[in-house]
Amino acid sequence: MWIIETRFMYMSDLSLSGAGYTTGADGEYTLSGPVYNRFENKKITWETGEKLNVGVDLQFYNRLNVMVDLFQEVRSGIFLERGTVPAFLGTATTKVYGNLGKVRNRGLDLSMDYTHQIGKDFFISAKGTFTFARNRVLEQDEPDYLQYPNLSRVGRSVNSFLLYEAQRLFIDNNEVKYSPEQLLGGEIMAGDIKYVNQPDANGNYDNTINSNDRIYAGYPEVPEIVYGFGFSAQWKGLDFSVFFQGTANTSLVMSGFHPFGINNNVKRNVMQFVADDYWSESNPNIYAAYPRLSVVEYGNNTVASTYWLRDASFLKLKNAEIGYTYKKMRFYISGSNLLTFSKFKLWDPEQGGGSGLKYPTQRVFNIGIQMTL
């Protein structure tokens with residue numbers, strides 16, 4: 001995502017002691033001088049948006065209402081940090097900001113509701129909603145001579161994942177020896193994750209795995225599809241209602257769960273799926289659910305990669321309620337987050353890649369009485 005956590009970009013930011021050097025025959029003099037942390041840009045302005053909506057509202061037999069809305073929005077002049085200032089200009093780490101981005105978002109909204117009275121005592125209603133929205137980056141301040149096109153954000157979703165492409169686990173140390181060098185942290189051994197070496201713009205390989213070898217993979221973190229549906233019914237004094245909510249075309253990258261921790265002050269338990277299927281000399285499965293275990297968190301195996309990429313789609317029974325009305329009192333039982341259907345089973349996919357371990361979703365039940373005075 002594009003997040004700029006600073007203000008007053010129309011002003012420069014100057015550090016009076018940001019640069020230093022040592023001189024003298026014996027290096028006995030050290031002097032410092034000012035340096036720009038950020039250049040001013042007095043032409044900064046608001047981003048602009050062009051919107052187009054086409055909608056239809058239909059009603060059938062005074063019972064069924066249907067609404068369809070097609071939309072497109074193109075936002076230009078999005079505020080970004082410039083990425084095409086070459087290092088030989090001598091600006092070093094000085095930041096330059098401008099209205100440089102452009103994003104298109106298009107999709108549809110669909111909603112339907114149905115109500116029907118059957119006789120004197122029976123009433124039913126149903127409702128459903130469906131939203132599809134897909135955005136694409138059209139322009140970003142990327143160098144025209146970008147050496148690694150796999151890193152280009154243009155044509156991707158704003159919320160896409162930039163990940164190392166995992167192939168499988170290393171078979172043995174001999175394979176490690178004759179594979180591209182992986183510079184992601186720690187000594188590489190059998191059972192560690194093996195990554196794909198990506199070519200540059202000319203189709204050449206550097207035989208090294210580093211940050212230039214990442215690719216955009218999976219669906220966006222923010223769902224492209226959000227939907228919900230439910231119904232309610234009432235017969236005499238008895239009433240019942242349910243509502244389901246779901247998402248699709250969304251992914252998560254697992255994090256924050258790796259066992260044992262990064263130092264003696266941070267320790268984590270071993271999750272069951274890790275204990276059941278991790279690489280070891282007695283279980284040399286190159287497609288194991290977890291790579292070689294280590295005492296501390298191991299950079300090569302814990303970096304964001306397709307090895308930890310998962311489908312985060314889900315369907316939830318969000319709410320259900322049953323009640324009975326007797327005279328001026330209504331007795332009811334309700335529940336929320338009762339069921340979750342998802343390919344991802346380790347925690348609630350709605351919580352994201354790692355937050356589900358910290359903030360687990362809880363089932364809630366309520367029993368109550370409502371009185372009408």
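A residue is called buried when its relative accessible area is under 20% and exposed when that area is over 50%, with partly exposed residues in between. In this predicted model, Ser305 has a relative accessible area of 0% and is therefore buried.

**Ser305 and its surroundings**

- Ser305 is found in a loop, namely the one that runs between α3 (299-302) and β16 (309-311).
- When residues up to four places away in sequence are not counted, Ser305 touches Leu163, Tyr164, Ala166, Tyr195 and Val253.

**Gly323 in strand β17**

- Gly323 has its place in strand β17, which covers residues 314-326, and because its relative accessibility is 3%, Gly323 counts as buried.
- Leaving aside neighbours within four places in sequence, Gly323 is in contact with Gly237, Leu238, Asp239, Arg330, Phe331 and Tyr332.
- Gly323 and Gln234 are 89 residues apart along the chain, while their C-alpha atoms are separated by 9.3 Å.

**Salt bridges**

- Side chains of opposite charge can pair when their charged atoms come close, and the structure holds 14 salt bridges.
- One of the salt bridges joins the side chains of Lys316 and Glu350, with a distance of 2.6 Å from N to O; Lys316 lies in strand β17 and Glu350 in the loop between β18 (329-341) and β19 (364-371), so this pair ties together parts that are 34 residues apart in sequence.
- How accessible are the two partners, Lys316 and Glu350? Lys316 counts as buried because its relative accessibility is 0%, whereas Glu350, at 35%, counts as partly exposed.
- The side chain of Glu350 also meets that of Lys318 in a salt bridge, at 3.5 Å from N to O, and this pair links distant parts of the chain, with Lys318 in strand β17 and Glu350 in the loop between β18 and β19, 32 residues apart.
- Lys318 has a relative accessible area of 19% and is therefore buried.
- Another salt bridge is formed by the side chains of Arg330 and Glu321, at 2.8 Å from N to O; Arg330 counts as buried at 14% relative accessibility, while Glu321, at 24%, counts as partly exposed.
- Salt bridges that share partners join Lys316, Lys318, Asp348 and Glu350 into one network.

**The largest pocket**

- The largest pocket has a volume of about 290 Å³, and its lining includes Phe8, Trp46, Glu47 and Asn99.
- Sorted by class, the lining of the largest pocket has six nonpolar, three polar and one charged residues.

Methods
Residues numbered from 1 in each chain as written. Predicted model: local features only at pLDDT ≥ 70, side-chain atom pairs only at ≥ 80, totals over all residues. Heavy atoms only, no water. Helix = DSSP H or I, 4+ residues; strand = E, 2+ residues; numbered from the N terminus. Buried < 20%, exposed > 50% of the residue type's maximum accessible area, 1.4 Å probe, protein only. Contact = heavy atoms within 4.5 Å. 1 Å grid on protein atoms, 1.4 Å probe; cavity = no way out; pocket = protein on both sides within 12 Å on 5 of 7 lines; lining within 4 Å. Points joined across faces, edges and corners; volume = space filled by probe spheres on them. Nonpolar A, V, L, I, M, F, W, Y, C, P; charged D, E, K, R; others polar. Salt bridge = Lys/Arg side-chain N within 4 Å of Asp/Glu carboxyl O.
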